[in-house]
Structure formats: C-alpha cells, structure tokens
Amino acid sequence: MDSNIRTVVKTLSYRTAVAASIFLAALAMNYSAGFGLTFVVLSYTVGFVSFWIQEKLWNMVKWQRVDNNDTRIRSVAKTVTWRLWSMFVLFVIGLILGLSSAHALEWTIVTNILFVVVHYTHERIWNLIKWGKLL
C-alpha cells in the first residue's frame, strides 16, 4: 500500500506527463496551441481527480502485488482500466470544446494510444521508487 502523500505526488507526476503529451499531440495533429492548452487544463483538473480515485481504489486491491511491489500484470491491468475511463472522458471533453464527433473520436484514439505508453512507463518508474511505500 502507498502513503497518501506518495499517491498525491504520483498523481501529480502522471498528470504532468500527460499534460505535455496532450499539448504535443494537439500540435502534431494540427490543432491550435489554444486548443492544446485548453485541453491540457481540462484534462489536468478532471484527470487529476479521476487518477487519484483510481490509485486509491487500486491501493485497496492486493491482486498481483508481491513484496509491496506491483507485478507487470498489475501494471497492465491498471493501465487498461485507466485508459477505458480516460477514453470516455477525452471524447466528452473533445465534444465540449467543439470538435465534431468524428474529430473527437480521432483525438480520443490518437491520444489514448500515446497515453498507454505514458501510463505504463509511469507505473514502471514509480514501481522502482521506494519512497512512501507502506509495509
């Protein structure tokens, strides 16, 4: 189990990595910097709360935890459950920001592929950090 402060710091580091990814994806897909920044702000705030809740829920589950470390299978499961929820949220935010359904779907698919890599990498890095892990 992780301490509360570890969960908050982990959440902040993840949301920061995602924010950078969102902005770069918006530019790569020829959306304006304003769109990218707006999406970053909305995603960061909504995503922060969502990720924090997921971490707290996963901390209650002992499945695939060995010696207080997550196995690779657990990291994959956490990534998949997070991405499913995130896909829904990203699509809705895209619609709110004025994208057509087709563009919101395209945006959701592209960013989610990118985020799978970001999330899994983030989980594996945090698995190496011992600070804040409770016995």
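This is a predicted model: local features need pLDDT of at least 70, side-chain atom pairs count only at pLDDT 80 or more; totals for chains, interfaces and linings use all residues.
Another of them joins Glu-55 to Lys-78, with the closest N and O atoms 3.3 Å apart. This pair also links distant parts of the chain, with Glu-55 in helix α2 and Lys-78 in helix α3, 23 residues apart. Glu-55 is buried, and Lys-78 is too.

Lys-78 has a further partner, Asp-70, and here the closest N and O atoms are 3.5 Å apart. Why do we call Asp-70 buried? Because its relative accessibility is 9%, and the cut-off for buried is under 20%. Lys-78 has a relative accessibility of 1%, so Lys-78 counts as buried as well. Through shared partners, salt bridges connect Asp-2, Arg-6, Lys-10, Glu-55, Arg-65, Asp-70, Arg-74, Lys-78 and Glu-123 into one network.

Now the nonpolar residues. In soluble globular proteins, nonpolar side chains tend to be buried together. In this model the largest nonpolar core has 21 residues, and Ile-22, Tyr-31, Phe-35, Phe-39 and Trp-107 have the most contacts inside it. Four helices each supply at least two residues of this core: α1 (4–28), α2 (33–59), α3 (72–96) and α4 (101–128). Which helix gives the largest share? That is α1, with six residues.

Look at Trp-107 on the structure. Leaving aside residues up to four places away in sequence, Trp-107 touches Ile-22, Ala-25, Ala-26, Met-29, Tyr-31, Phe-35, Phe-39, Leu-90 and Leu-99.

Some nonpolar residues are on the surface instead. Val-49, Trp-52, Ile-53, Leu-57, Met-60, Val-61, Trp-63 and Ile-73 form a nonpolar patch there, and together they have about 760 Å² of accessible area. Helix α2 gives the most to this patch, four residues. Val-61, one of the patch residues, lies in the loop between α2 and β1. Its relative accessible area is 34%, so Val-61 is partly exposed.

Note on methods:
Residues are numbered from 1 along each chain as its sequence is written. Side-chain values use heavy atoms; hydrogens and water are left out. A nonpolar core is a set of buried Ala, Val, Leu, Ile, Met, Phe, Trp, Tyr and Cys residues joined through side-chain atoms within 4.5 Å. Buried means under 20% relative accessible area, exposed over 50%, partly exposed in between (1.4 Å probe, protein chains only). Contact means heavy atoms within 4.5 Å. A salt bridge is a side-chain nitrogen of Lys or Arg within 4 Å of a carboxyl oxygen of Asp or Glu. Patches are made of residues with over 30% relative accessible area and no salt bridge: like charges are joined within 9 Å, nonpolar side chains (Val, Leu, Ile, Met, Phe, Trp, Tyr) within 5 Å. Accessible areas come from the Shrake-Rupley method with a 1.4 Å probe; for residues, only the protein chains shown count as cover.
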